[in-house]
Amino acid sequence: MSLPPRHSDPIAAIATAPGRGGVGIVRLSGKSLAPLIEALCGRPLRAREATYLAFRDQDGSAIDQGLAIHFPAPHSYTGEDVLELQAHGGPVVLQLLLARVLAAGAELDPATGQPRLANLRVAQPGEFTERAFLGGKIDLAQAEAIADLIDASTAAAARSASRSLSGEFSSEIHALRDALIHLRMLVEATLDFPEEDIDFLRQADAHGQLAKLQQTLVRVMARTRQGALLREGIKVVIAGQPNAGKSSLLNALAGAELAIVTPVPGTTRDKVTQTIQIEGVPLHVIDTAGLRESADEVEKIGIARAWTEIEGADAVLFLHDLTRVGATEYIAADAGIARALATKLSKHIPVVEVWNKLDAAPAQSRADAVPRSGVRLSAKTGAGLDALRRTLLDIAGWQSAPEGVYIARERHVQALRRVDEHLAQAAAHLASAAQALDLLAEELRLAQNALGEITGEFTSDDLLGVIFSQFCIGK
């Protein structure tokens, strides 16, 4: 893949996270780094061998001492010449070293009279990995897995990202693509030679091949949804009347005192968010203001924000107070909230009925006064929390088999859904009496293009810009 003009410039950046540390790395990538290596290190470097030396300033004095490693093209991360300078991890030291690198690139080489590394500049976020992708070192799914491995918030997500980076996800996509290409070949052969008395599709069992392809796609889609869940998690909003125990439930799920809990109704005025992990799946749980009519301006703002969060949720925990289920006023208020939820929420957003204060409720309330559906629990004692956790995992669609899951993104899920739709249309054309082979061929072509979007074979520059801009600088 040819590189866009801006990728012909050599680049440099601090590759380690901001702050102090034992070691910090300045990374360079470009063509023919030998003159710059001579200026910075005072001598040539052996390929892929760590060399301990002083990093030289323009006057020959040492900025710092550390390890220098040269990765000659094409055997490097980006496919270009790559130089890594491993210095002490102080921010001032690394900034001085980066400034020296940039200045050395502009200096004239005594041997040639030309700049040692013309147009050397600071790298943009993700530009090293983008060059690795554009240079054919990795595909787009693997490039995204690098960012996901860095950003992983759970051990399961990290392991899954590592599997994607090693190429497991890409291998699945390539296998689907190869099967699709073979099927396209059969269809195209039938279109190209209609006069031949040979039914390519029947003899090659095109029906069976397409059915097998669809079955394989179903399995890949299931694993991809699990991988996207590990990366993205779901947004869970706790809603209900004041003093139902919403803040207590958030604290119980998080295992920490995050939200203020008092007997005073309306204590929570703004949202409180915490990400928790259940079997490695991140759940972004949000505690909101109690839903009621209020004349207090601040509380009204909090209630409005609560409804905003509720409408944007992936799941809503509608919390009830078991100690008040017999009160007429309380029942009417709960019914009003239920009607509002039914009106405001999409039918695809599940609402879980959660009956709290099991420890303090009368026996009749615990057993008979509430519907059998939903979850009974005590945020105070923890009774019933495991049932709620299982319910949340069920809502998320998580299946407890994470070892075979690779990390994935929502765009991967959407692309595979388009593949599924095109294959379904292709199957319909193949099964019809008319066998509209031109339409069949087009659906198969569109399915292949959708697969190509995942690995980057068919990808717009705009999408690449969005993906790599989310990386850290130096990666």
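Trainee: Which residues in helix 9 meet helix 13?

Mentor: Leu 249, Ala 252 and Leu 253 in helix 9 meet Leu 385, Leu 388 and Arg 389 in helix 13. Contact means heavy atoms within 4.5 Å. This is a predicted model, where local features need pLDDT of at least 70 and side-chain atom pairs count only at pLDDT 80 or more, while totals for chains, interfaces and linings use all residues. Residues are numbered from 1 along each chain as its sequence is written, and side-chain values use heavy atoms, with hydrogens and water left out.

Trainee: Ok, Arg 417 now. Where does it lie?

Mentor: Arg 417 lies in helix 14, residues 410-431. Helices are DSSP runs of H or I, at least four residues, and strands are runs of E, at least two, numbered from the N terminus.

Trainee: Is Arg 417 buried or exposed, or partly exposed?

Mentor: Partly exposed, because its relative accessibility is 36%. Buried means under 20% relative accessible area, exposed over 50%, and partly exposed in between, with a 1.4 Å probe and protein chains only.

Trainee: What is Arg 417 in contact with, leaving aside neighbours within four places in sequence?

Mentor: Met 221 and Glu 410. The C-alpha atoms of Arg 417 and Val 218 are separated by 9.6 Å, and these residues are 199 apart along the chain.

Trainee: And how many helices and strands has the protein chain?

Mentor: 16 helices and 12 strands. Of its 475 residues, 45% count as buried.
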